[in-house]
Amino acid sequence: MEEAESTSDADPDTTGDAGAGTAENTGDSGTAENAAITDEFPVETGTDESDPSAESGRNDAARDTDPSGTDGLTADGDGTSPSDSSSDSSSSSDANSPSESDSDPVTAADIDIEESIGPSASGDDSKTDLGLDEVVLDDDDSQGLFDDLLSGEPIFENKEVLRPSYTPHELPHRTEQINQMATILVSALRGETPSNILIYGKTGTGKTASAKFVSQELESTSKKYDVPCEVEYINCEVTDTQYRVLAQLANKFIEKNQDVIDRRLSDLNELRSEVVDAADPATTLATTDLETIDAVEDRIEELEDDSEEMESVPMTGWPTDRVYSTFFDAVDYEERVVVIMLDEIDKLVEKSGDDTLYNLSRMNSELNNSRISIMGISNDLKFTDFLDPRVKSSLGEEEIVFPPYDANQLRDILQHRANVAFKKDALTDDVIPLCAAFAAQEHGDARRALDLLRTAGELAERGQADTVEESHVRKAQDKIELDRVVEVVRTLPTQSKIVLFATILLEKNGVRNVNTGEVFNIYKRLCEEIDADVLTQRRVTDLISELDMLGIVNAVVVSKGRYGRTKEISLSVPIDETEAVLLSDSRLGDIENAQPFVQARFDN
Ligand code: ADP
Ligand code: MG
């Protein structure tokens, strides 16, 4: 869940970047709309008027460094869009005054620009001057819509470092767990099969980050000593069926095998032509294990056959046992030790049972050349309860627990990342401790702590503040909490949404001490309106309890004296935002005239 949330997370700063990226274009066209917008922000026009030339000069510098800076860093972080960063920095190069860029502190973005422009652009004074003139002219055309937004000293040095996708090189307070993993996995480097490992811990306790760190170390060490050891990482939240897990593994090993085959074939083809040309073929062949040219030909043919036989597994459609045997053959094609990391393994078992684990864990007894070892990572401490006892004992040969971080540990973690992520002195003293304290309350979740810090920085940046302050952290906390609510509400089953909507309608109409019966009445009418099944009042009461557990409503049991007991229900989330989310559901969006339903209650 966590991974998906973070990737699909509507990214506030992407929009920010897009805005910055288009600054120049928008600046060129001084349209009436722009003027209208600018009028709404008198401060912006005011600054422009005070000293137009100086202002525009400063803004140019900011404009030239900022958008490309952000883009350059985005490209760095993702490693996916180098073309973006180079095209952006070359467009800004024309306008780059050398004196201004000299006085700026050197940032990673500057280095990017230098590299992509090359020495000629920055060394050629006349060209630069001309560029500056052009920009001043450009700027006269613009209404300054973006200038002020860009002029503030940016808070971030490298925001990517705070994102969940970033794998830190240092993991404070996880040395013990990392060493435990390494001690077990080192067998793989000796050509032995490591024990299977099961890792437990709540979300945000550094399991994925630590596992990835260890796997990188393991692979690089295996390359260094040239031992055949490989790590395959699978996120079972995404790859959540036996078919997909086995298919992904099969295809990875088929790809690896193809590479090996291609390399051998090219060596053999070279050998063949050497032998053909050689005066004395026997001497040429003496260094190989092939005695005659026919043997070389045979080996080539063999490899070509192998290569043809290796058919990759389609994403769907094959019977599972065929996928399994394809994986089996692919992994066993070469001598090697393979560590399969199954992250979020609890999701796999929840969704598709423990067959995958059963099949994987008994493979070693049948493999001839290779050995596999499984490292399962689970957020759910109890997930082994659902496993077949054989799978459970095999998988849990070694167990490693990742305890929640306390506030002090979270502080260390944040401090490490903040040093790289923020400009010097961008954080006031209480920011990190407050983020750590909030996240410590969230079961010591480092992901939450980093989200808070990043969001606080973004809010400060948006508010054009010079530093991130305590108030930004508090606002960030509210924002993240609201985002969570929106996500929870959005993904509720329709029936629960209707129940929640009934509660909202009652509250919005000023009904106090809403009770279950009242919710049920409105619920029933809503169901009729949208043609949904009407559940019994008992079921609706259960749904209310579930909403209570999710923290969306608060339901307290109150005694009504001789009328028995009832539940009083109040909303624990912001009413307008929640209603908006509910109405964005196509079924609930169909509800018209919600008002009369509630009126009806008073009429009764
Ligand atoms: P889990 O897999 O246990 O849910 P992650 O490994 O994904 O948690 O960690 C969540 C976030 O916190 C990631 O961004 C990760 O880089 C960061 N993180 C967790 N533990 C540490 C640590 N000890 N040092 C630095 N960053 C950490
Ligand atoms: Mg994880």
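Leaving aside its neighbours within four places in sequence, which residues is Glu568 in contact with? Hi everyone, let's start there. Please keep in mind that this is a predicted model.

Glu568 has its place in strand 7, which covers residues 565-571. Its contacts, once the neighbours within four places are set aside, are Asn513, Val514, Asn554, Ala555, Val556, Val558 and Lys560. Is Glu568 buried or exposed? The relative accessible area is 17%, and the cut-off for buried is under 20%, so Glu568 counts as buried.

Now for the ligand. There are 21 residues around ligand 1, and those that come nearest are Pro172, Gly204, Lys207, Thr208 and Tyr405. If you sort the shell around ligand 1 by class, you get ten nonpolar, five polar and six charged residues. Three helices each supply at least two residues of that shell: helix 14 (207-224), helix 22 (407-421) and helix 24 (446-462).

Let's look at some atoms. Thr208 places a polar side-chain atom 2.7 Å from an oxygen atom of ligand 1. For Arg447, a polar side-chain atom lies 2.9 Å from an oxygen atom of the ligand. With Gly206 the backbone takes part: one of its polar backbone atoms is 3.1 Å from an oxygen atom of ligand 1. And how much of ligand 1 does the protein bury? Taken alone, ligand 1 exposes 550 Å², and the protein buries 97% of that.

On to strand 2, residues 229-235. Why do we say that strand 2 is largely enclosed by the rest of the structure? Because six of its seven residues are buried. Its partner here is strand 3, residues 336-343; the two run parallel and are joined by seven bridges. If you want a pair to find on screen, Glu232 stands opposite Ile340 in strand 3.

My last stop is His472, in helix 25, which spans residues 470-490. The relative accessibility of His472 is 9%, so this histidine counts as buried. Setting aside neighbours within four places in sequence, His472 is in contact with Ala456, Leu459, Ala460, Ala465 and Thr467. Thr455 is 17 residues away from His472 in sequence, and the C-alpha atoms of the two are 8.2 Å apart in space.

So, to recap the two residues I picked out: Glu568 is buried in this model, and His472 is buried too.

Definitions and conventions
Residues are numbered from 1 along each chain as its sequence is written. Chains are lettered from A and ligands numbered from 1 in the order in which they are written. This is a predicted model: local features need pLDDT of at least 70, side-chain atom pairs count only at pLDDT 80 or more; totals for chains, interfaces and linings use all residues. Side-chain values use heavy atoms; hydrogens and water are left out. A residue is near a molecule or strand if one of its heavy atoms lies within 4 Å of it. A polar contact is a pair of N or O atoms within 3.5 Å; within protein, one must be able to donate a hydrogen and the other to accept it, and residues adjacent in sequence count only if both atoms are side-chain atoms. Accessible areas come from the Shrake-Rupley method with a 1.4 Å probe; for residues, only the protein chains shown count as cover. Helices (H or I, at least four residues) and strands (E, at least two) are DSSP runs, numbered from the N terminus. Ala, Val, Leu, Ile, Met, Phe, Trp, Tyr, Cys and Pro count as nonpolar, Asp, Glu, Lys and Arg as charged, and the others, Gly among them, as polar. Buried means under 20% relative accessible area, exposed over 50%, partly exposed in between (1.4 Å probe, protein chains only). Two strands pair if DSSP finds at least two bridges between them. Contact means heavy atoms within 4.5 Å.
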